[in-house]
Amino acid sequence: MPLRAIAYVSQARPDLSAERLQTLVNDATRFNRMAGVTGVLLHDGQRFLQYIEGPPDGIDSVYERILQAGSHVDIVELARGRLGQRQFPYWSMRALPVDALKLRQLATSDWSGFSRTVEGDPAVPTAVDLLSAIVQPVLSTG
C-alpha cells in the first residue's frame, strides 16, 4: 500500500489552553487510528509543527480536519509526498513540547522527499533527521 506524508507549521490561537490542546490530541489520536495515520505534533507554546503519514485516503481525511481546526491559524505546508516507510508506525498521534529555536530550525530545514542523510554531509541534516533527533529520546523511554 502506498504511503503519503504531510508536514506543516501553524500558529496556535492565543487562547489555546493546555487542557484544550490535550483534548485535541486525544481526539486526533482516535481519528488517526481509524484512518490508519500516524505522526507527531510538536509545539513550542505558540507554534505547531506536525508531521503525519499513512495511506492517501487517510491522509486526506486527517489533513482536512487539520485545515478546519479552530485551534490554529496561518497553516503553511512544508512538504507533501510519497513515503517509503513510516517514521512513527506506533504513534496514532503524539504531542511533544519543543523549544522555539528547534521548531524554527525544523520548519526551515529541507523536507524534500522526506529523505534522511545517508552518505551526505551530517553537518547538514534533513528535516526528517532533525525530527528523528527530537523524537528519538521519547521513543527510547516509551
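Two strands count as paired if DSSP finds at least two bridges between them; strands (E, at least two residues) and helices (H or I, at least four) are DSSP runs numbered from the N terminus.

Ground rules first. I'm working on a predicted model, where local features need pLDDT of at least 70, side-chain atom pairs count only at pLDDT 80 or more, and totals for chains, interfaces and linings use all residues. Numbering starts from 1 along each chain as its sequence is written, and side-chain values use heavy atoms, with hydrogens and water left out.

I looked up the strand order and got 4-1-3-2-5, an open sheet of five strands with mixed pairing. Strand 4 and strand 5 (94-97) sit at the edges with a single partner strand each, so one side of each has no neighbour in the sheet. I get an average twist of 15 degrees from one strand to the next; angles run from 0 to 180 degrees between N-to-C directions, with axes fitted to C-alpha atoms, for helices over the stretch in contact.

Strands 2 and 3 next. They run antiparallel and share six bridges, and His43 has Phe48 in strand 3 as its bridge partner. Helix 3 packs on the sheet, touching (heavy atoms within 4.5 Å) strands 1, 2, 3 and 4, at about 50 degrees to strand 3.
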